[in-house]
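Work through the exercises below with the model open. Try each task before reading its solution.

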Amino acid sequence: VVPVSGEGDNVKVKENGQIAAAPFGSAGILPIPWMYINMCGGEGLLASSRTAILNANYMATRLDKYYKILFRNENRMCAHEFILDLSHLKDHGLSEDDVAKRLADYGFHAPTMSWPVHGTIMIEPTESECKAECDRLVDALITIHGEIQDVIDGKVGVNDSPLHNAPHTSEMVTAAEWKFPYSRETGAFPAKWLKENKFWPTVSRVDNVYGDRNLVCSCPTVEELME
């Protein structure tokens with residue numbers, strides 16, 4: 001424990017032993033990897049790494065004919081993660097945001113977006129995912145590719161695409177009015193298995209940039225907390 005609040009001139013020494021903002025960072029992070037490493041052991045860590053790399057390359061291979069995959073070696077292999085290049089979507093009025101939000105209709109949290117390359121999504125299946133779960137995400141991305149292609153081919157306008165209007169909440173699907181040209185089933189149940197196990201997004205599309213620039217707090221006001 002380093003009882004300081006930082007380095008440099010005029011640094012105020014902490015009296016309570018906290019190490020937040022100290023040179024060694026947050027101690028709360030350290031027990032998690034320590035326990036994981038100790039529980040796995042040498043053989044377990046090797047198996048874990050191999051499984052993560054296998055999962056990533058299996059998924060990348062299945063998606064190869066649908067998406068451009070960046071940073072593969074001469075054998076077309078990747079490490080434990082792979083990056084889908086979606087930068088070309090902007091030429092057709094779409095973006096990686098649309099793919100990420102459409103994945104919510106399939107019950108998936110969006111992968112890492114636009115890092116380390118702008119206009120991409122980075123998928124890291126890790127060692128904990130079974131083949132069935134990897135296939136579920138791949139199948140969703142293949143279906144999404146078909147929706148992308150419909151826009152590129154001019155079969156569907158951008159504003160009329162489920163990609164542009166995703167995600168679709170239960171409130172939208174059960175409302176008396178359905179304002180989209182595609183069916184409610186296409187919007188909320190784009191895969192058959194979703195009818196057996198559906199995780200509903202709680203909110204529909206939001207303005208990401210506005211949300212980043214304007215803090216909207218739903219917590220009680222300071223005055224309410226003082227009462």
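Predicted model: local features only at pLDDT ≥ 70, side-chain atom pairs only at ≥ 80, totals over all residues.

Residues are numbered from 1 along each chain as its sequence is written, and side-chain values use heavy atoms, with hydrogens and water left out.

**Exercise 1.** Compare the end-to-end span of helix H1 with that of a straight helix, and locate the kink.

*Solution.* 
- Take H1 as residues 31-63, 33 residues in total. Helices are DSSP runs (H or I, at least four residues) and strands are E runs of at least two, numbered from the N terminus.
- Compute the expected span: 1.5 Å times one less than the number of residues. A straight helix would reach 48 Å, but the end C-alpha atoms of H1 are only 36 Å apart.
- Look for a bend, the angle between axes fitted to the seven residues ending at a residue and the seven starting there. H1 has a kink of about 105°, centred on Gly41.

**Exercise 2.** Describe the surroundings of Asn57.

*Solution.* 
- Asn57 sits in helix H1.
- Asn57 is buried because its relative accessibility is 7%; buried means under 20%, exposed over 50%, partly exposed in between (1.4 Å probe, protein chains only).
- A polar atom of the Asn57 side chain lies 2.8 Å from the backbone oxygen of Ile53.
- List the contacts (heavy atoms within 4.5 Å). Leaving out residues up to four places away in sequence, Asn57 touches Arg76, Met77, Cys78 and Ala79.

**Exercise 3.** How many disulfides are there?

*Solution.* 
- Apply the cut-off: a pair of cysteine sulfur atoms within 2.5 Å. The count is zero.
- Check Cys130: the nearest cysteine sulfur, that of Cys134, is 6.9 Å away.
- Cys130 is partly exposed at 46%, whereas Cys134 is buried at 3%.

**Exercise 4.** Trace the salt bridges of Asp135.

*Solution.* 
- Use the rule: a side-chain nitrogen of Lys or Arg within 4 Å of a carboxyl oxygen of Asp or Glu. The rule gives 11 salt bridges.
- Arg62 meets Asp135 at 2.8 Å, N to O. Arg62 is in helix H1 and Asp135 in helix H3, 73 residues apart.
- Lys131 also bridges to Asp135, with the closest N and O atoms 2.8 Å apart. Both lie in H3, four residues apart, about one turn of the helix.
- Shared partners join Arg62, Lys131, Asp135 and Asp139 into one network.

Methods. Polar contact = N/O pair within 3.5 Å; in protein donor to acceptor, adjacent residues only side chain to side chain.
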